[in-house]
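Thank you all for coming. Before I start, please take a moment with the sequence and the structure on the screen, and then we will go through a few residues and finish with the whole chain.

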Amino acid sequence: MEDQTGTDSVTVEVGDGNGLAFSPAAIRVDPGTTVTWEWTGEGGGHNVVDEDGKFESEIVSEGGHTFEYTFEESGTTLYYCAPHKASGMKGAVVVGDGGGGGGGGNGGSGGGGDAEEYLSDANNYDSVQDMTGEDSVTVEVGAGNGLAFGPAGIQVDSGTTVTWEWTGEGGGHNVVDEDGKFESEIVSEGGHTFEYTFEESGTTRYYCAPHKASGMKGAVVVE
């Protein structure tokens, strides 16, 4: 972690290294410091999204674009590039002593309760729907207000193929596994599909990268 305390403003490059990194990725600053993220133009479209939803920039690929945020309160802010989170494009800003900050990520497999906790703030979620006994299941991408998966939570048997089908609503969406097992491309056209076969028991938590901060998340519980 780079100590940037004592300065009023700090610049972080977006698309450094192999084009899929923030630089520096982790910084410590004083309260009241303004952090400016500056795009290098490398690695395709990037954005800057706070894990706790305090800020979210637009997805931009052109070099020279900037986005800034002033950190007024002590704590730790974890952020990521939505299109490349699964590729490890993440960063952190520690303000002051870092106390009272945001939480970290979620782990791997677990049971249905794990899915319910993950989906507690997800759009279009009521309960995990039992889809066991089916060889294939379809989940809508862009359901409800266009920023939801439908159904958001499902339970299936091992060996089931889940097909995500785009409705064409809500703009560009993708399907990204929290643990990096799969990541579809970002598509806005209706009728596009992406599928994955779940062979192992456990809970897979996934999200739409451009709209994760808006609650577009889902889960597949495999018996």
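Predicted model: local features only at pLDDT ≥ 70, side-chain atom pairs only at ≥ 80, totals over all residues.

Threonine 160 counts as buried, because its relative accessible area is 2%, and the cut-off for that word is under 20%. Threonine 160 belongs to strand 14, which covers residues 160-166.

Let me turn to histidine 84, which sits in the loop between strand 8 (75-80) and strand 9 (90-95). Is histidine 84 buried or exposed? With a relative accessible area of 14%, histidine 84 is buried, since the limit is under 20%. Its side chain makes a polar contact of 3.1 Å with the side chain of histidine 46, and, not counting residues up to four places away in sequence, histidine 84 touches Leu20, Gly43, Gly45, His46 and Met89.

Arginine 28 has its place in strand 4, residues 26-29, and, at 30% relative accessibility, it counts as partly exposed, because that class runs between 20% and 50%. Between arginine 28 and glycine 6 there are 22 residues of separation in sequence, and their C-alpha atoms are 9.9 Å apart in space.

Now for the whole protein, which contains 1 helix and 18 strands. A compact globule of 223 residues would have a radius of gyration near 17 Å, and the 18 Å found for this protein agrees with that. The C-alpha trace spans about 60 × 35 × 30 Å along its principal axes, and 43% of the 223 residues count as buried.

Among contacts with a separation of 6 or more, 65% are between residues 24 or more positions apart. The accessible surface comes to about 9,700 Å², and carbon and sulfur atoms account for 37% of it. Finally, the protein carries 8 positive and 40 negative side chains, and the centres of these two sets lie 7 Å apart.

Notes: Residues numbered from 1 in each chain as written. Heavy atoms only, no water. Helix = DSSP H or I, 4+ residues; strand = E, 2+ residues; numbered from the N terminus. Buried < 20%, exposed > 50% of the residue type's maximum accessible area, 1.4 Å probe, protein only. Rg over C-alpha atoms; globule rule 2.2 N^0.38 Å. Contact = heavy atoms within 4.5 Å. Areas by Shrake-Rupley, 256 points an atom, 1.4 Å probe, with all protein chains shown as cover. Lys, Arg positive; Asp, Glu negative; His and termini not counted. Charge placed at Lys NZ, Arg CZ, Asp CG, Glu CD. Polar contact = N/O pair within 3.5 Å; in protein donor to acceptor, adjacent residues only side chain to side chain.
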